[in-house]
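Please open the structure in your viewer and keep the selection tool at hand. The tour goes from one selection to the next and says what is there.

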Amino acid sequence: MDSPRISYNDFPEQDEKRKRLVLDNGSKIAVVGSGPAGSFFSYYLLDMAERLGLDIYVDIYEPRDFSHTAPKGCNMCGGIVSETLVQTLAADGINLPPTVVQRGIDSYYMHMDVGDVRIETPLKEKRIGAVTRGSGPRDIKEIKWESFDGYLQKLATAKGANLINERVTTVSFNQGRPRIKTRHGSSRTYDMLAVAVGVNSPVLNLFNGLDIGYHSPETTKTFICEYYLGSETIEKYLGSSMHVFLLNIPRLEFAAIIPKGDYATVCMLGENIDDDLVKAFLDSPEVRATMPLGWQAEKRSCWCFPRINVKGAQQPYSDRIVFIGDCGVTRLYKDGIGAAYRTAKAAASTAIFQGISIDDFRQYYMPACKTINSDNAIGKLSFFFTSQIQKYRFARRGLLKMTIEEQDLKGSKRCMSTVLWDMFTGSAPYRDIFLSTLHPAFLSGFLKNIASSLGRE
Amino acid sequence: MTEGALGRVYQDGEVIIYQGEVGNCMYIIQEGQVEVFVEKEGQEIRLELLGEGEIVGEMAIFENEVRSATVRASGQARLLTVDKRNFLRRVHEDPSLAYRIVQSMSHRIREMNKEVARLKWAGNQ
């Protein structure tokens with residue numbers, strides 16, 4: 001397809017203006033934040049520039065050292081690399097090694113008060129990666145696995161990005177170009193700035209006052225904690241399955257236990273998560289039955305109440321500036337790393353192949369954000385339905401019965417299992433999941449099982 | 001550290017792809033090697049040996065044809081499956097994702113050209 005740049009040839013003034021807002025040989029780009037979004041952006045920007053023979057310079061500003069244990073190197077996240085992202089990265093030449101992936105996930109257990117069911121991946125293959133974003137919890141004795149964020153950062157620096165281990169304290173504009181000042185007083189002006197900071201970072205506040213139309217995302221509180229269990233105990237009790245809990249606990253939307261190397265990570269989503277809600281979940285019989293004998297809920301290795309993005313930022317772009325990952329638009333509740341990959345790559349390809357003006361980002365970057373935003377709207381609806389199922393015992397029984405009965409069927413006939421798998425692992429867009437629930441086979445099967453459960457109740 | 005090894009492990013000689021079957025995925029070699037061969041008149045003709053990071057079975061993604069060759073593990077090998085539907089949906093959203101496959105196919109065509117030239121040259125002697 002022809003680039004719209006050609007049409008500007010008829011309008012020299014606009015063409016001249018546009019020429020100033022493209023990356024060229026010698027262009028300098030700053031990336032603030034080196035979580036997955038910042039590292040993916042730097043990696044792909046340099047990769048695409050290399051394909052075009054474009055010589056650009058990328059500086060990544062990241063004060064944290066991911067080789068440190070929490071909280072110095074942590075990015076406060078459940079640490080799941082979805083099935084879709086594992087495949088996409090592999091097709092894109094990034095094969096996640098077992099030195100980074102602490103446990104390959106091949107199945108999940110759904111735990112409810114009415115019973116449990118195990119659902120396997122269609123190909124019985126380990127296609128989901130459980131990772132830690134930093135180098136592990138604060139009480140870790142031996143670092144056996146590499147930090148996921150550290151691994152991606154190394155990919156970016158191996159491509160040629162320059163890592164600056166300093167905290168950004170001021171962002172301003174110098175003759176229309178972004179200028180970065182760090183805590184140590186160094187100040188540099190760039191041709192472009194990619195902002196890839198998390199929603200929990202105070203650095204994000206620097207951008208709300210820039211008068212570029214950007215407003216940071218709406219957030220909600222989550223709970224994440226780590227338990228040291230040891231590799232053998234994890235293998236014995238949790239295996240290579242993600243454990244998902246659909247419990248009728250007020251304010252609890254979703255909870256999961258993710259087995260990793262020597263630790264298990266507990267993730268909770270819900271309304272105003274606090275210590276009481278955490279206690280109610282961890283003390284539930286379903287959690288007690290899942291964890292090893294003698295496990296004590298209060299003996300946590302590390303925990304936090306990080307905020308997550310639940311409504312995308314307003315105008316995550318301007319001339320020479322783009323917001324990617326969590327500080328821009330991300331996926332509701334699931335696959336935040338996948339959303340970081342998608343927005344980072346969309347921003348990198350816009351900057352390299354189209355330009356870095358506000359119009360370029362609006363035309364070529366924003367569609368990727370809009371796709372995620374509109375999918376999130378359907379996601380909200382899907383989570384609402386899930387919460388209704390959580391509330392009613394007969395609905396939970398119907399769901400369990402249908403899922404158990406499906407396990408002996410072929411992949412394509414396992415309607416409920418597929419919907420639940422995609423919903424809980426973040427493997428498919430919410431739109432696809434929602435459409436699957438409208439399939440006559442799904443509806444008739446679910447209604448039949450609900451009716452049967454109602455009869456038994 | 002095998003807990004984090006993604007994909008599936010195939011033992012030496014285990015067949016991953018059968019020539020003539022319908023395929024709906026491709027594989028990316030995570031560890032080890034696989035050999036690609038075609039069967040002709042009861043004989044196996046080895047086409048190539050592929051290693052870590054290489055893609056195999058990618059033609060099934062782009063063509064609705066049966067598998068053109070058999071692929072089996074040469075020694076223990078670990079491969080990750082990439083589903084056709086998932087992959088094509090992502091390519092539709094991000095066409096640059098196909099770049100590495102095009103690059104790999106381009107490399108194979110170059111190697112095939114060399115082989116065709118060598119065979120023609122040998123036939124003319």
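Predicted model: local features only at pLDDT ≥ 70, side-chain atom pairs only at ≥ 80, totals over all residues.

Residues are numbered from 1 along each chain as its sequence is written, and chains are lettered from A and ligands numbered from 1 in the order in which they are written.

**Stop 1: chain A**

Select chain A and colour by secondary structure. Chain A has 14 helices and 20 strands; helices are DSSP runs (H or I) of at least four residues and strands are runs (E) of at least two, numbered from the N terminus. The radius of gyration, taken over C-alpha atoms, is 23 Å for chain A, close to the 23 Å that the globule rule gives for 457 residues, so chain A is as compact as a globular protein of that length. That rule is 2.2 Å times the number of residues to the power 0.38. Along the principal axes, the C-alpha trace of chain A spans about 75 × 50 × 35 Å. Of its 457 residues, 50% count as buried. A residue is buried if 20 or more other C-beta atoms lie within 10 Å of its own, exposed if 12 or fewer, and partly exposed in between, with C-beta atoms placed from the backbone.

**Stop 2: helices 9 and 10 of chain A**

Select residues 336-353 of chain A for helix 9 and residues 358-391 of chain A for helix 10. Their axes are 9 Å apart and the angle is about 165 degrees. Axes are lines fitted to C-alpha atoms, for helices over the stretch in contact, and angles run from 0 to 180 degrees between N-to-C directions. That makes helix 9 of chain A roughly antiparallel to helix 10 of chain A; angles under 35 degrees count as roughly parallel, over 145 as roughly antiparallel, 65 to 115 as roughly perpendicular and the rest as oblique. Show side chains next: residues making the contact include Ala339(A) and Thr343(A) of helix 9 and Phe361(A) and Tyr365(A) of helix 10. Two residues are in contact if their C-beta atoms, placed from the backbone, lie within 7 Å.

**Stop 3**

**Stop 4: Trp295(A)**

Where is Trp295(A) placed? Trp295(A) lies in the loop between helix 8 (285-290) and strand 17 (302-304) of chain A. Trp295(A) counts as partly exposed, with 16 C-beta neighbours inside 10 Å. Select Leu229(A) too: its C-alpha atom is separated by 8.5 Å from that of Trp295(A), although the two residues are 66 apart along the chain.

**Stop 5: chain B**

Now select chain B. Chain B has three helices and six strands, in the order β-β-β-β-β-α-β-α-α along the sequence. Of the 125 residues of chain B, 28% count as buried. Show both chains: 23 residues of chain B are in contact with 26 residues of chain A. On the side of chain B that touches chain A, the largest share, four residues, comes from strand 6 of chain B.
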